[in-house]
Amino acid sequence: MNKIRRTINLGALAAVMAAGMVHSPVFAAAAPAAPAPVAAEAQKAAEAVSVTVGDAVFYLKNSADYDALMAKLQNHFKAEGATVRRMDIEPEIKAQAAKTEEKILTVDEAFKMLLTGGREEAVYVAEETESLESVAKKFNMTVDEIKALNANWEDPLHKGSKINVLKPAPMVTVTLEQEKKAQSAVAFKTVEKEDPNQVKSVRKVVKAGKAGTMETTTCVESENGKVTSSVTEASCLVQEPVDEIVAVGTKEGLATGSFMTPTVGRLSSPFGPRWGRFHYGIDLANATGTNVVAADGGVVTRACMAGSYGNLIIIDHQNGTSTRYAHLSAFNVKAGDVVQKGQSIGKIGSTGRSTGPHLHFEVRVGGVAKNPLEFIKL
Ligand SMILES: [Zn+2]
């Protein structure tokens, strides 16, 4: 429960009412039903709903306005996205059908009053020499009320002096028990499945994973909007994550999965557009007869004259990649040979469409030519 001492500030309420240009006092003590009014007064009395809060009473037009006031109060203190399970109001607010000659408040006026018509104790610190009367005015109190709140007081107060006062506060303490639901992602698992048809370097997603969803329910209790407790009640998986299936090759392959520079030479032409055409490899220039080695292990699928390539060797690394070595002056291998990474396969030459001795070297991934410099260092 709220430990702050609260009282109803009838003076402040009267001020709210004055703004509404009513002459009669707004609040009357919550007394038992008054004796039946005389006939003349009964005619002036309007149908209304009396709302009693502690010692205070005010009037609303009808029960629909009362319901709207309660809803507005609940919404004001409710956390965004939460569902209210229970609302307790202290002191209790009671409503009943009544006839009145008093001013009938709108829902907004009544709401404003509930939020600011109470008073709670606070400590006031004087910023300069100040009379008790001046402080009393600031808080809509009397000097006697201030004296009653303080065992020791001085008049005037000096700069820095502290004194207990009553400041505007809600007339009620609204306790809400709210339910909050939050969703969070649950990571999926990656499950590896051995694939004996693929060489060891191969790792392929065969089924994409999907994150699941966890829903957490929290019970949050608040007093006039201030959270007093928050308890996680339950967490449940509302959407199961879907495992990601990854095929991992187990076949002993010839390839290591990385390429080495196949010869010693000067980069005389890079990968990319050249002379209005596309150069699918790099050219490494060096003297005819310079040794050329397999960039990685694999099977020689071609070792023969091939048009503008001249003498060409193609090695299939059996992991989705292949390499090409062109313009050779000599072959050290033939189609079908198994070669190890770094094994000599031929010699630099200038056969085919070539303007001087060099090795034309290509790297293909899934059949598509890639820039060899992404795989080797010169
Ligand atoms: Zn070339």
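1. The buried residues of helix α3 pack against β3 (56–60), α4 (107–116) and β9 (173–186). Here, buried denotes 20 or more other C-beta atoms within 10 Å of a residue's own, exposed 12 or fewer, with C-beta atoms placed from the backbone; helices (H or I, at least four residues) and strands (E, at least two) are DSSP runs numbered from the N terminus.

2. This is a predicted model, in which local features need pLDDT of at least 70 and side-chain atom pairs count only at pLDDT 80 or more, whereas totals for chains, interfaces and linings use all residues. Residues are numbered from 1 along each chain as its sequence is written.

3. Asp65, Leu69 and Leu73 are the buried residues of α3. Viewed down the axis of α3, they fall within an arc of 80 degrees (taken from the directions from the helix axis to the C-beta atoms), so they line one face of the helix. The face turned away from that buried side carries the exposed residues Ser63, Ala64, Ala71 and Asn75.

4. Ser344 lies in strand β25 (residues 344–347) and is exposed, with 12 other C-beta atoms within 10 Å. Ser344 and Asn332 are 12 residues apart in sequence and 6.8 Å apart in space, C-alpha to C-alpha.

Definitions and conventions:
Two residues are in contact if their C-beta atoms, placed from the backbone, lie within 7 Å.
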